[in-house]
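Here is a short briefing to read beside the structure. Keep the view open and follow the topics in turn.

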Amino acid sequence: MQLAKRRIYNSLLSLSLIVVLLLILDFYGTPVYRMQVWSGWILLSLIVFLLLYNVRKKLTMLPLGRVAFWMQCHAYLGLVSGVIFLQHINFRVPSGYFECLLALAFIATAATGIIGLILSRIIPKFLTRRGEEVIFERIPLHTATLRVQAQALIIDCAETTKSEVLFEYYQQHLATYFFGPQNVLYHLSGSTTPWHHMLIKHQTFCRFLSDKEQEYADQLQTLMKQKDDLDFHYALQGMLKAWPFLHFPLSFVLFIFSLLHIVLVYAFIGDI
Amino acid sequence: MDKPQLLQKFGHQESPYDRPNQKWVCGKLSQGCPCELGPDKRGKCRVDFQCKPKGNAAGDSWKCTRPTVSGGLCVDGPLPDGTCCLPMTHCQPVRSLRYKRSVTVKWACVVTLGILIFFVYGGNSQSFISPGDLTYQHAKNADCRDCHEVFHKGVSGWVHQAFNAVNILDNNAQCLSCHQFNENAAKAHGLSELELKKVAYVTETDERMSIFQEIACMTCHIEHHGRNNNLLAVNSKNCAVCHDLPFNIGGKVHPDFRHYPYRKRTGIIFDHNQHYDKYFFDNSGENLRDSAPGSCLTCHISDKNGIKMDVRDFQGSCSACHNSSFEDSESFAVMTVPALNTDNLRGPSWPEDADAEITPFMKLLLSADNENLLSVLATLESDDLTDLEDEASQIIAWGIKELYYDIYKNGKNALKNRIVKAYYCQLNDKGQLIQEPACHLTISQLEALLSEFPLALFCSAQQEWFPELISEMELYLSLQGKKQGGSRRQSFVCKKINNTIASAISEEGNWQLDYFTLAYRPGEHGDDFFMAWLGVTQRHQGASIADLARKEIFAVLTSEDSAGQCNHCHSMDSSEPDNYLIQWSTAQWDPRYKDFIHFNHAGHLRHQGESVCETCHQRNKAADYLASYEHNNPLQFESNFSTEKAVCERCHEEAMTENQCQTCHNYHVSGVNVNILMNQVQMEQGHLKLWADKTHYEIGDEIMIKFSVNQPMYVRVFRTDSDGKILSLFPNEFRSDHFCMPNVIYQIPEAGSERTLVISPPIGTDKIFGIGSEEPFSENKLFFNRQGGFDEEKMAELRIRSIFTINVE
């Protein structure tokens, strides 16, 4: 199914589910019919299902449906759970420390999830537009490769041209650059300012080089660009890898809070 | 610029496969030379050489096996012993990203559990798990266990409770310890199943919700929503469970009025249409007579609570036109000397010119006599005794004489004994009525019957009717073997009375002596004699002589041409034969009981004037009102008026469409005061304690109010009664300074003072308010709302309060 059609279809389906659930809760929407308890159990069921997505990804050997399908369910049911959550808290700010914590946990989990969803839809487009496709975990390896290539280039230049200009330039300005990821925040913000500064500096420097040195300088610039692209990929892919570090723990924290919440509700309110 | 070489190769020969579930990766990755094998699952580097040489079968020839991605076969090849010639230093393995994430999750869970354990088991668990502030009325209950008994059981107890069904009444018990209801507190509306069934016909109940299901208090009264939360503001959707379709999309949801406000016919027969059209007003609207009422409020007045509209009493509403009907009423016989055929009457002397008939009153009194007399009475076909056989005449004559002798001797006690016996009752040793299920008489009824008997007139009449009654009866009774009781004639009641009367009397109050008839004529509305006898005879089921006598008395008093014509205006309700209930008054509303609907007539009249009566109560000119009284079923009727929902919707549309049920409807209608009742009423709010010695008082009782403070402050104490009148109790004329010190118990009235504080009318619920402030404040700073409570908006500064209620009966 085409992406747009799929989104429209899934959105309509989610909206329908929201409407049906809200109508059911409103239909029986009175404490006499335990509306809050019903909405709570629906919410917990949704949370558990959302947590199962992680389990599904690990149980690849079982015929549980495509992970992509589960991802779609996770995303849209996450949105549904947000609406049910608002209904559950009666669209008001909770009072009480624990309930506030619980609500904050849900909101944080949902927010990180939504942010992650947006990032996972936006960032890949940026990544494909620039540089080559690299595996995030191999970036240190590629950085080392570039560093080795740059160092070899500089040494070869020094041996060939008998000049240490490029060597000193490298030592002063580029040794740190080729050592590890640079300008992460600039890349995240989409800014190319550091690269332009570096390029201007490099081109300014190259005016004072000989023709032979110029050739090495051009190759060095290629490596610099490659390194910049690699840093770009590192920053954006790092963002894609980083948001689960918030979303996953928060979702488990939310689940633990929910369990305590259930115990407290049934212990103190009982059979309404 | 040269085209850059691709860094990332994806071919299986060029690029090793990184398994995503690896926990550890080689530490030399960042140096650009990771090993092929990678760390073990414990994060330990396991690579010593760049390859593991492969030997031949003999083990004397070895080959390098370094993969292409790592550089391919080495130049030197393995050592002779099969060891790789290129050793590698161990790396410091690094956690994979996925593993780092997993560790983060585990730590987050551990920290979360730690935090929860710390707070839940810690000293502040109460404030941690509390879902919000309590209302200020409950805020004094600082401990959760005051309402939630499970709290003291700890976390394990909570878990156990959570997985076990809770008896709903257990949840209510804590609420009911202060808010005392009847035994049906958990039932809908606080009514029993029988009571609910009676009223259920007026509502459209939801089948899904059994109206007999028990409900917890907290279902509707939700706490923990903040200090200023209004516990009385109940979600109207709760009402919709039983009373309306819970699913409403727009439109008007309030059902049409049925059986409202008229649930049964009026007790007093008053045809408004007839009176309006024939007796009050002519066609032009002018009064036909001076005595005609000028408006509805001439006859109707709001009750003391302003809620219901009462009808003024007879004097205030009907007497202007109807008083004369009593002045012209005729008398009827109560006690007589009936005519007997004296030709062959042997034994008792009997006046030959006696011409009366036996009355049903006499039959009732005679029914307490012997079997012979009862059998004679049973055979009577009419009240004319002249056709009786000799023996029957003799028996009845002696019976009547014995009755009169009994009265002559014992006065009203004789009547009392006979009436008690006729109603299947008994007297104790002190002569007091014993109330038993079989006894159809009440103490007050008996007193009313006896008080109306004209003993003096009877005694005087007796001398004329049977001058020799005493001697004759004494002889007769001695021959019959009946004991005389040992009393002397001089102690006979009538003897004493006659001795005080100078001459014979022929009248006593409304009683008249007409030859051999002692007759009664009602003189005014509300005649006590009529009301007393109608009260004791309206129920006359049974076939005994006494029962038939009661029936006859009832028939006499309620006949079309009866003297009082009570039933001309006072209807009689009956659900079974020979069992009536006369409606003496208009509908009386017990202020202890709330109606399902609270409509404040006084308030509406104030706002809209007298003309609003006919706006809501629209005259139904086509109603056949009087036909409603041709039978005895009060539920089948046509009212003079009709009330439609549209009239209320003009002003209350929002309430009726937005399901704001509490605007007009009450939930707790059971007959118990729902205010807080506490033994040794002590409430502490802020720093002021205010209490009295009990919660129920009768008018005239003395009350002692006490209060104390725990820090110096200025105090004022007020009382508001059920009329809304406010009376200042403290400070007062005996103590004008309202500054109070701690560790002192102040009394109103002051200790040692001769002054007393006495409970005064009206009956109902009074509230005693205590207000405290660190600054002196005048009465002008106090504001009350219509319900008799504080106006919270205007009194936000005066937060030190204490309130308790007392019932005045």
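**Salt bridges**

Over all chains, the count comes to 17 salt bridges. Bear in mind that this is a predicted model.

- B:Lys363 and B:Glu552 form a salt bridge, and their closest N and O atoms are 3.0 Å apart.
- Side chains of opposite charge can pair when their charged atoms come close.

**Interface of chain A and chain B**

- Chain A contributes 57 residues to the contact, and chain B contributes 61 residues.
- About 5,200 Å² is buried between chain A and chain B. Carbon and sulfur atoms give 68% of that area.
- On the chain A side, A:Arg138, A:Phe245 and A:Phe268 lose the most area to chain B. Together they account for 13% of what that side buries.
- Polar contacts do occur between chain A and chain B, with a count of 7 residue pairs, both residues at pLDDT 80 or more.
- Five helices of chain A each supply at least two residues to the side that touches chain B: α1 (3-27), α4 (97-129), α5 (139-161), α9 (211-242) and α10 (244-268).
- α10(A) gives the most to that side, with 14 residues.
- By class, the side of chain A that touches chain B has 32 nonpolar, 12 polar and 13 charged residues.

**Sheet in chain B and the helices on it**

- Four strands of chain B form an open sheet in the order β7-β12-β11-β10, with antiparallel pairing.
- β7 (332-336) and β10 (507-508) of chain B are the edge strands, and each pairs on one side only.
- Strands β11 (residues 511-514) and β12 (residues 517-520) of chain B pair in the antiparallel sense over 4 bridges.
- B:Trp511 has B:Tyr520 in β12(B) as its bridge partner.
- Helix α18 (residues 455-465) of chain B lies across β7, β10, β11 and β12 of chain B. It runs at about 5° to β11(B).
- Helix α21 (residues 528-537) of chain B also packs on the sheet, touching β7, β11 and β12 of chain B. Its direction makes about 70° with that of β7(B).

**Helix pair in chain B**

- Helix α15 (residues 390-410) and helix α20 (residues 493-500) of chain B pack at about 65°, with axes 4 Å apart.
- From α15(B), the contact uses B:Ile407, B:Tyr408, B:Lys409 and B:Asn410. From α20(B), it uses B:Val493, B:Cys494, B:Lys495 and B:Asn498.
- This contact has 4 nonpolar, 2 polar and 2 charged residues.

**Backbone details**

- A cis peptide bond joins B:Phe730 and B:Pro731, with omega about -5°. B:Pro731 lies in the loop between β22 (726-730) and β23 (739-740) of chain B.
- Another cis peptide bond joins B:Pro761 and B:Pro762, with omega about 5°. B:Pro762 lies in the loop between β24 (746-748) and β25 (764-773) of chain B.
- A:Lys162 has a positive phi, near 55°, in a residue other than glycine. A:Lys162 is in the loop between α5 and α6 (165-174) of chain A.

Methods: Residues are numbered from 1 along each chain as its sequence is written. Chains are lettered from A and ligands numbered from 1 in the order in which they are written. Side-chain values use heavy atoms; hydrogens and water are left out. Axes are lines fitted to C-alpha atoms, for helices over the stretch in contact, and angles run from 0 to 180 degrees between N-to-C directions. Contact means heavy atoms within 4.5 Å. Ala, Val, Leu, Ile, Met, Phe, Trp, Tyr, Cys and Pro count as nonpolar, Asp, Glu, Lys and Arg as charged, and the others, Gly among them, as polar. Buried area is the accessible area (1.4 Å probe) that two parts lose on being put together, summed over both. A polar contact is a pair of N or O atoms within 3.5 Å; within protein, one must be able to donate a hydrogen and the other to accept it, and residues adjacent in sequence count only if both atoms are side-chain atoms. Two strands pair if DSSP finds at least two bridges between them. A salt bridge is a side-chain nitrogen of Lys or Arg within 4 Å of a carboxyl oxygen of Asp or Glu.
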